[in-house]
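Visitor: Can you walk me through this one? I'd like to start with the sheets.

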Amino acid sequence: MAAPVLTPRADDFPRWYQEVVAKAELAENGPVRGTMVIRPYGYAIWELLQAELDRRIKAVGAQNAYFPLFIPEAYLRREAEHVEGFSPELAVVTHGGGKELEEPVVVRPTSETIINASIARWVQSHRDLPLIVNQWANVVRWELRPRLFLRTTEFLWQEGHTAHATEDDARALALRVLREVYEDTMVQVMAVPVVTGRKTARERFAGATTTWTCEGMMGDGKALQMATSHELGQNFARAFDITFSDETGSLVHAWQTSWGASTRLMGALIMAHGDDAGLRLPPALAPVQAVVLVARAGDGAGEAAAALARDLRAAGVRAELDDRTDTSFGRRVVDWELKGVPVRVEVGPRDLAAGQVTVARRDTGAKEAVPVGGAVAAVTERLAQVHATLLGEAAAHRDRATVEAASLAEAVEAAQDGFAHLPAALLADGGEQRLHEAAVSVRCLRTPGGGLPPSGDDLDGLVAVVARAY
RNA sequence: CGGGGAGUGGCGCAGUGGUAGCGCACCUGCUUUGGGUGCAGGAGGUCGGGGGUUCAAGUCCCCCCUCCCCGACCA
């Protein structure tokens with residue numbers, strides 16, 4: 001056995017993460033601090049994830065649109081909490097065309113303001129509602145401590161923005177997106193179980209009345225906020241004068257939501273499933289679902305492998321042929337393992353002589369000999385199992401690393417390597433601040449049964465999920 | 001912004017005043033190929049920038065720049 005390919009996850013998790021990102025050729029740093037080059041393999045994963053999210057976003061009634069990158073600084077200032085929340089991380093353009101601008105423009109950190117300026121024009125009547133738009137875009141939030149995918153100054157995301165006639169309609173949509181877009185994608189596509197709940201006032205989006213979140217547990221027990229869905233009340237409607245005539249003819253402000261998920265999800269994928277050999281991708285997000293490896297040239301191995309790759313593609317599998325027999329077998333195996341390819345088929349003279357091929361699973365590491373004629377079926381069968389295995393492992397890990405805490409001190413202790421459930425009443429009177437000082441935060445609030453609490457700020461009878469977070 | 005480090009080949013690093021090196025990666029050839037093969041040869045450097053000391057500076061002194069790590073905010 002040769003030297004380890006990666007720093008073992010248990011030895012130094014952050015270092016392991018960086019090495020996976022580099023060696024699986026997912027991304028690298030850009031020349032400006034905090035910027036990120038997403039490499040072709042990483043981008044291919046993102047495109048698959050994007051397609052899954054986009055389909056679900058449209059299924060809740062959204063239409064895609066595009067709004068400008070540059071926002072007048074004055075727009076940000078219209079909503080007091082919003083500008084206060086985002087000011088520290090704004091990139092501001094002061095010069096254009098060789099001259100100083102009369103009014104500086106902000107590079108969008110999020111698009112509530114500029115989109116709502118349009119929505120104000122588009123919405124006149126209750127018949128125009130609900131209005132549901134989504135955009136895929138890059139946004140910029142100046143980051144002091146960047147980490148590839150998890151926290152970069154520029155990142156890619158989708159942001160949905162809606163206007164409704166009533167508070168109930170807005171709330172229902174915010175929650176529908178949380179469940180049917182985000183949670184469903186995370187569980188069914190990414191194979192990452194999530195904890196859903198309401199953010200505390202402290203963690204709430206700047207300008208929102210209620211923020212809902214999906215929180216995942218990573219391999220080191222830390223939490224990652226994977227998506228948020230906000231009820232905006234009438235805050236932005238008042239700031240941007242979004243009014244409509246209701247059925248009775250009176251002019252009233254619309255109720256709104258916004259919601260987003262970003263390239264940070266790539267980080268979740270890596271940290272939730274990766275192991276000491278590298279990435280482990282769920283089949284739905286694997287650019288290459290099965291690689292057919294010519295183990296060793298000769299005796300028709302190349303031809304048999306090429307034929308199998310063709311058959312797999314015909315069967316709807318994203319399959320690739322690796323016939324680089326001038327590179328050693330071991331190196332190629334290591335490369336595909338780093339990249340997280342779910343199923344590997346090894347074809348060599350020795351296999352063929354026995355009328356078989358070797359099928360290896362990335363998730364369990366299991367290797368089996370199967371007859372040549374049954375290879376396609378064997379691969380599709382295993383692909384169907386990988387997702388459930390990854391999801392099951394992640395859920396088991398989360399459950400093992402989640403404990404019930406009866407005091408702030410117990411919660412801090414438990415949050416060192418997992419999640420703690422804490423009676424939310426203990427957050428009052430500076431309790432949440434004390435958690436914060438111990439580098440621990442409230443990820444979300446839930447009912448004792450794990451359900452979603454009502455909107456608003458009430459803590460009564462709720463359970464706080466507490467953890468260290470990315 | 002406060003504290004602590006580091007800038008030497010693509011990446012990671014060594015080099016206490018005297019001919020700029022090592023590992024990985026890269027190129028060529030042979031060898032090997034069923035879990036990161038081995039051997040031989042080769043290409044690649046304004047040692048962050050400027051100034052100073054010295055016969056001689058990657059190394060010592062001064063100034064500047066940049067980056068990284070730890071603390072307060074964040075999808």
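Visitor: What is the strand order in the open sheet of three strands?
Guide: The order is S4-S6-S5, and the pairing is antiparallel. Strands here are DSSP runs (E, at least two residues; helices are H or I, at least four), numbered from the N terminus. Two strands pair if DSSP finds at least two bridges between them. This is a predicted model, where local features need pLDDT of at least 70, side-chain atom pairs count only at pLDDT 80 or more, and totals for chains, interfaces and linings use all residues. Residues are numbered from 1 along each chain as its sequence is written, chains are lettered from A and ligands numbered from 1 in the order in which they are written, and side-chain values use heavy atoms, with hydrogens and water left out.

Visitor: Which are the edge strands?
Guide: Strand S4 (70-72) and strand S5 (91-96), each of which pairs on one side only. The twist averages 50° from one strand to the next; angles run from 0 to 180 degrees between N-to-C directions, with axes fitted to C-alpha atoms, for helices over the stretch in contact.

Visitor: How many bridges between S5 and S6?
Guide: Five, in the antiparallel sense, with S6 covering residues 99-107. Ala91 stands opposite Val107 in S6.

Visitor: And the five-stranded sheet, what is its order?
Guide: S16-S15-S17-S18-S19, an open sheet with mixed pairing. Strand S16 (319-322) and strand S19 (367-371) each have a single partner strand, so one side of each has no neighbour in the sheet.

Visitor: How do S15 and S16 run, parallel or antiparallel?
Guide: Parallel, with four bridges joining S15 (residues 290-294) to S16. Ala290 is opposite Ala319 in S16.

Visitor: Which strands does helix H10 lie across?
Guide: Helix H10 (residues 329-338) lies across S15, S16 and strand S17 (343-347), at about 175° to S15. Helix H12 (residues 375-400) also packs on the sheet, touching S15, S17, strand S18 (356-361) and S19. Contact means heavy atoms within 4.5 Å.

Visitor: Switching topic. How many residues are in the largest nonpolar core?
Guide: It has 62, and Phe149, Tyr182 and Met190 have the most contacts inside it. Such a core is a set of buried Ala, Val, Leu, Ile, Met, Phe, Trp, Tyr and Cys residues joined through side-chain atoms within 4.5 Å; buried means under 20% relative accessible area (1.4 Å probe, protein chains only), exposed over 50%, partly exposed in between.

Visitor: Where does that core lie relative to the domains?
Guide: Domain 1 (13-273) and domain 2 (283-385) both give residues to the core, so it lies between them. The domain bounds come from an automatic or database domain assignment.
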